[in-house]
Amino acid sequence: MTSSSSSKKLVPDQPEISGSTTKSLRTKMIKSEDSEKRILNKKLKDVEISLPIVYGNISFWLGKKASEYQSHKWTVYVRGASNEDLGVVVKRAVFQLHSSFNNPTRVLESPPFEVSEAGWGEFEIAITLYFHSDVCDKPLNLYHHLKLYPEDESGPMSTKKPVVVESYDEVVFPEPSEGFLARVQNHPAVTLPRLPAGFTLPPPVPVEDAIRKKRGDTKDHPLSQWFMNFSEADELLQLAAARQQVQAHIAKLRRQISVVDGPHQQQLKSLSDQ
Amino acid sequence: MDAKDILGLPKNSLPQEKKPRPQKDSQRKPDGISREVYALTGGLAPLMPAIDASQLKKRPPTDEKITWQWLPFTSSARKDNLQLYHWTRVVNSVPPTGDYSFAKYNKSVDVVKYTDEEYEKYLTDPMWTKEETDQLFDLCQRFDLRFIVIADRFPSSRTVEELKDRYYSVSRAMLIARAPSPGDVSGHPLVKEPYNVSQEIERKRALCMVLSQTKHQERKDAEVLAEAKRIAESRMVTRVAEESELPVPSNAAPESAERTSVPGDTVSPSSNVQLPSAAVAPSTATADNASTLASLRMLRVYLRTYALEQMVQAASSSAGLRTIKRVEQTLQELGVNLKPRVPTKLVCAEHLELRKEILTLLNLQKQLQYKEAEGSSFRDGSYADTPGTPKDRTFVPDMSFGGERVGKRDQKRKAPGRLSEAPSSPAQSKRPRKFKASDL
């Protein structure tokens, strides 16, 4: 008689002699599933998964078609930094618009995570990202200030050239579960460090609604021509040059300090001798 | 009346005119003193009238005849029967009786008196002759245990602590010797807490140190204490976070705890104190970093920019607002974005390291300035003359990336005299020198 309670212990493989084979098999399966889940839920330290994203807005002036309350049409979005499909990590994105909009809380259950609207005013949009259950049960907030009007107000407004404001950031999961890691191991949207040698992952378990008809990447997005390029190379060069300069000056100062200290010690000695 | 005409107000009828006056009288309240004098008290009656106003104008009862006479008097406070004279208030030809009114203030200390036998029995001491001890006790009696005066008057030179030690140990020994049983006097403060010479010397020396601390020292001490507090707090954080793999904070904490006790009680010269604070800084930095990392890990998900902010804050936790502003200024002048435009992991790490290096640079610049200041003032021999100088100099951010400028100052100092930032021009020294692009 096997107890069908949800004990998490691994049941050793023993053939059941009694007639209730099906039941015992089923319980065995449940138990092994539980143990799998436990393994998948195990958290990994020193392996962090980061998801590079870009979020912002593109806004077009409506020109002749502009009315008093709708002078611009704009789209606010969160996309992968290399336009990859974020749906593998992000389950849902919620955009909180200004209360003057109809249904200001816009929920997007699948990528591309964007909201297009028409309006006249600039305001802060709160974007909340919800992740799949094996990724993280806590949502993450981003804030973006909607920009409709160009910086240079003197230039002529054009319906062809939009105002684009994008911010690059990375969503970091410091201790991802093995299941999450297994699932996204080779996905282009995420960045993984090299796994420790001899590290084996369990086979990936697909998450709910992983099968989608619509493609989630934004590579051929209608607005993709306006997307900005974020390359870390320039910034790294800048930083490296700056660091070099600072280090050189530090070395110089250290030398100078030791020079000052030298005669200083002698003076102290001469004073005490008096 | 005319005023009322001018104002156009209706004239008061006669009965109305009379009313205000009695009202005014009752408001006045004081009778016996003039209105102006009463107004000095605030114009209102006090809650508890200290002096009944009516008493103020009272004259002494006319049945008493008061004269003032120049009469002799004696005081019980004097032992020499000196007779002095003073004005005495004589009432009805009866001079006042009683002791001189100030005699009761003649208090003195009960200094213990020992006989020669007692001295031989209990009080001999290799460091003190009987003669000296007698002299000491005589002075103590005369000067009511004012040891500073006694030390000054003492024929042979002895420190205040030595005199106090001798006096208290003799008194204590006498107390114990004369007591019927030791239990009787065990509660006496002399017996319970004997005078501790070495402790007193240390205490006074420490007080002297604290008193003569320069502003520079004070700030260093405050810094060290603040860092120690921060380390203690970060230890609390890591304990709460249950991170067992962070040996750094626990290592740093006892180190800094030891070092904070150094400026507190003991005699360490100023250079010693500087070293610990410099050594504590890096260990605090790593402690801060470690605790920030721990708290980030607790979050389960966070943005890279948020993490960078936290790390930057942790790294600059020991720096003041001005220093932080200077770091940002330096970043801008180096052409680096204050917030990286592409905050990848690598970029953020580099950015953080750059900020830390700039902090080190600024600290070194400050150090160099101090060393030069100390050097020159030693040469002058007028160390006490320039108490304000270190204070002034802290706020001169020498942004010169070129060592040349610092070198020039060295050369100027060949002449004995003041630095270019001498207090004679405090306004100048407080203005920060502009960083020139040509210095890059």
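Contact is defined here as heavy atoms within 4.5 Å. By this criterion, 46 residues of chain B are in contact with 46 residues of chain A. The model is predicted, with local features requiring pLDDT of at least 70 and side-chain atom pairs counted only at pLDDT 80 or more, whereas totals for chains, interfaces and linings use all residues. Residues are numbered from 1 along each chain as its sequence is written, chains are lettered from A in the order in which they are written, and side-chain values use heavy atoms, without hydrogens and water.

The buried area, that is, the accessible area (1.4 Å probe) lost by two parts on being put together and summed over both, is about 4400 Å² between chain B and chain A. Carbon and sulfur atoms give 62% of this area. Six salt bridges (a side-chain nitrogen of Lys or Arg within 4 Å of a carboxyl oxygen of Asp or Glu) are counted between chain B and chain A. One of them links A:Glu48 to B:Lys345, with the closest N and O atoms 3.1 Å apart.

Pairing requires at least two DSSP bridges between strands. S1 (residues 49-61) and S8 (residues 163-173) of chain A are joined over 11 bridges, and A:Ile53 stands opposite A:Asp169 in S8(A). Two bridges join S8(A) to S3(B), where B:Leu303 is the bridge partner of A:Val171.

Technical notes:
Helix = DSSP H or I, 4+ residues; strand = E, 2+ residues; numbered from the N terminus.
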